[in-house]
Amino acid sequence: MEMDTLSLQLMNTDFYIAIPKGMNTTWKDTAEKWLQYVAKEWSRFQPNNELSELNTLKIGEALRINSHLYDCLRLANDYYLQSNGLFSPYLKLQLERHGYNQSFPFAEAKQKSSQAHFIAGRPFQFLDNQQVMKVAHQEIDLGGFAKGYAIEKLAEWLENEVAPDYGMVDGGGDLKVWSTGEKVWKIGVADAIDIDKEISQIKIKTGAIATSNRIFRSWTQNNISKHHLLNGRTGEVAKTDVIQATVVTSTMCNAEVSAKLCFLVDASEQQQWFETNFQRSARFLVKEGQKGYWITSGGGANDS
């Protein structure tokens, strides 16, 4: 099957989009503009953008924002509530205090660790008419969730308006695919250490896959090794033997959040989370000193 493809490098990520040839010839412009918008306006590393306007609000001030950003923030907040605060989009200040205040790649934090008090809870209130009001001293970092949301919305548009038969939107291994016929996508699961090596494979027609890895976004601060996965209830770096988690489920945002939760809860809590929230799902875990293994939402586990 001949494919029409688009490759981009944005958000420190290699994007690859593929649909059948012969479709709408202007889709690439729309796709590129959407991804560039998210990369520019929703990044905490970009000055004077929509996200920085929100983060610099004073307590009690409100701001009307773009409908897409409002929707993304509302959805991230829903997952915050659903996970009882374990997943949190409100960890910008904590990430910076742990030394993650520059864009990757870097190996050592520029600043020393700070012991500033962590304020749990929701710092923003969602009002009507796409307005958001700041109610507490905390700031937003959408991180990988923004990328997942961008992939999800682009895939929805392509499937509904351009290529209903099949297609793929891949953002550095986090991807959404769809197929209404015989097309079956074969997706490799990368080794947790060597990304050029595959350790498992996923065959899928329609669904989403997200992978989180605590090695690739790690650094040292005060000679202490740290990574980007923080516990939303404490603001501290997750302590876990999980090195990499890959989740397969129905939507990109579900997969993105679930992959992070694999680092934040133990095996029994993980199973309860998936059984309660995403019954049709599977996850591939790589732990220290172990081979990778699959766990389905029904509770079965298989080595790979």
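The crossing of helix 1 and helix 5 is right-handed, a term used when the near helix is turned clockwise from the far one by less than a right angle. The model under discussion is predicted: local features need pLDDT of at least 70, side-chain atom pairs count only at pLDDT 80 or more, and totals for chains, interfaces and linings use all residues. Residues are numbered from 1 along each chain as its sequence is written, and side-chain values use heavy atoms, leaving out hydrogens and water.

On the helix 1 side, the contact (heavy atoms within 4.5 Å) includes Trp-27, Trp-34 and Val-38; among its residues on helix 5 are Tyr-149, Lys-153 and Trp-157. By class, this contact has 12 nonpolar, 1 polar and 1 charged residues, where Ala, Val, Leu, Ile, Met, Phe, Trp, Tyr, Cys and Pro count as nonpolar, Asp, Glu, Lys and Arg as charged, and the others, Gly among them, as polar.

I turn now to the hairpin. Strand 14 (residues 282-287) pairs with strand 15 (residues 293-296) in the antiparallel sense over 4 bridges; pairing requires that DSSP find at least two bridges. Phe-284 stands opposite Trp-294 in strand 15. Between the strands lie 5 residues, and Gly-289 in this hairpin takes a positive phi near 75°.

Finally, Gln-94 belongs to helix 4, residues 92-97. Gln-94 is buried, with a relative accessible area of 4% (buried means under 20%, with a 1.4 Å probe and protein chains only). Not counting residues up to four places away in sequence, Gln-94 touches Phe-118, Gln-138, Leu-230 and Gly-235. Helices here are DSSP runs of H or I with at least four residues, and strands are runs of E with at least two, numbered from the N terminus.

Methods
Buried means under 20% relative accessible area, exposed over 50%, partly exposed in between (1.4 Å probe, protein chains only).
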